[in-house]
Amino acid sequence: MKFLIINGPNLNMLGIREPHIYGAQNYEALLGVIDSACHEAGVEYETFQSNHEGAIVDKIQEAYGKIDGIVINPAAYTHTSVAILDALKTVSIPTFEVHISDISTREAFRQHSFVSYVAVETIAGLGFEGYRQAILKLKKHLESK
Ligand code: CA2
């Protein structure tokens with residue numbers, strides 16, 4: 001079983017500002033959490049981070065027929081990107097959505113997510129732990145099918 005973990009714009013800069021919202025740990029630390037969760041789940045995985053909407057769409061399309069499950073934090077594209085929603089709909093790969101912060105209690109513009117229309121579940125507000133939970137829940141979800 002192989003998972004694709006996608007992180008959207010600016011998440012590669014984690015740790016340099018807003019530690020009260022996103023924590024003080026950097027992107028490398030997040031990759032460590034993802035690595036350990038995928039080992040715990042016993043799945044192969046690939047990570048992908050991009051600041052470009054089209055690159056994320058391309059990566060989702062490339063996953064078709066190769067990847068069993070997707071965990072995505074689309075970052076700012078969560079709230080704007082019909083293109084990422086359509087790509088996820090097109091490939092029809094089970095997807096869990098993750099947000100480090102609790103987007104439901106932040107600015108009004110962060111409270112709507114296009115990706116949540118296709119996500120099996122959205123996990124928000126648990127910091128990096130949300131990625132671990134998403135990976136483990138995705139594994140269980142795929143096993144139950
Ligand atoms: O809470 C999340 O995970 C978000 O997806 C993060 C996005 C934000 O636009 C979403 O509304 C919620 C922002 C990612 C920017 O990440 C940085 C955080 C601190 C320092 C640098 C980048």
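Guide: Begin with polar contacts: a polar contact is a pair of N or O atoms within 3.5 Å. The model is predicted; local features need pLDDT of at least 70, side-chain atom pairs count only at pLDDT 80 or more, and totals for chains, interfaces and linings use all residues. Residues are numbered from 1 along each chain as its sequence is written, and side-chain values use heavy atoms, with hydrogens and water left out.

Visitor: Which side-chain N or O atoms lie 2.6 Å and 2.8 Å from an oxygen atom of the ligand?

Guide: Ser 101 supplies the one at 2.6 Å. Arg 110 supplies the one at 2.8 Å. A backbone N or O atom of Ala 76 is 3.5 Å from a ligand oxygen. Protein covers 96% of the ligand's own 510 Å² of accessible area (Shrake-Rupley method, 1.4 Å probe).

Visitor: How many residues are around the ligand?

Guide: A residue counts if one of its heavy atoms lies within 4 Å. There are 16, and Asn 73, His 79, Ile 100, Ser 101 and Arg 110 come nearest. By class, nine are nonpolar, five polar and two charged.

Visitor: How is empty space found?

Guide: A probe the size of a water molecule is rolled over the atoms. A pocket is an open set of points on a 1 Å grid where a 1.4 Å probe fits, with protein on both sides within 12 Å along at least five of seven lines. Here the largest pocket holds about 370 Å³. Its lining has 21 residues; Pro 9, Leu 11, Tyr 22, Ala 75 and Arg 110 are closest to the centre.

Definitions and conventions:
A polar contact is a pair of N or O atoms within 3.5 Å; within protein, one must be able to donate a hydrogen and the other to accept it, and residues adjacent in sequence count only if both atoms are side-chain atoms. Ala, Val, Leu, Ile, Met, Phe, Trp, Tyr, Cys and Pro count as nonpolar, Asp, Glu, Lys and Arg as charged, and the others, Gly among them, as polar. On a 1 Å grid over the protein atoms alone, a cavity is a set of points where a 1.4 Å probe fits but cannot get out, and a pocket is an open set with protein on both sides within 12 Å along at least five of seven lines; lining residues have an atom within 4 Å of a point. Grid points are joined across faces, edges and corners, and a volume is the space filled by probe spheres set on the points.
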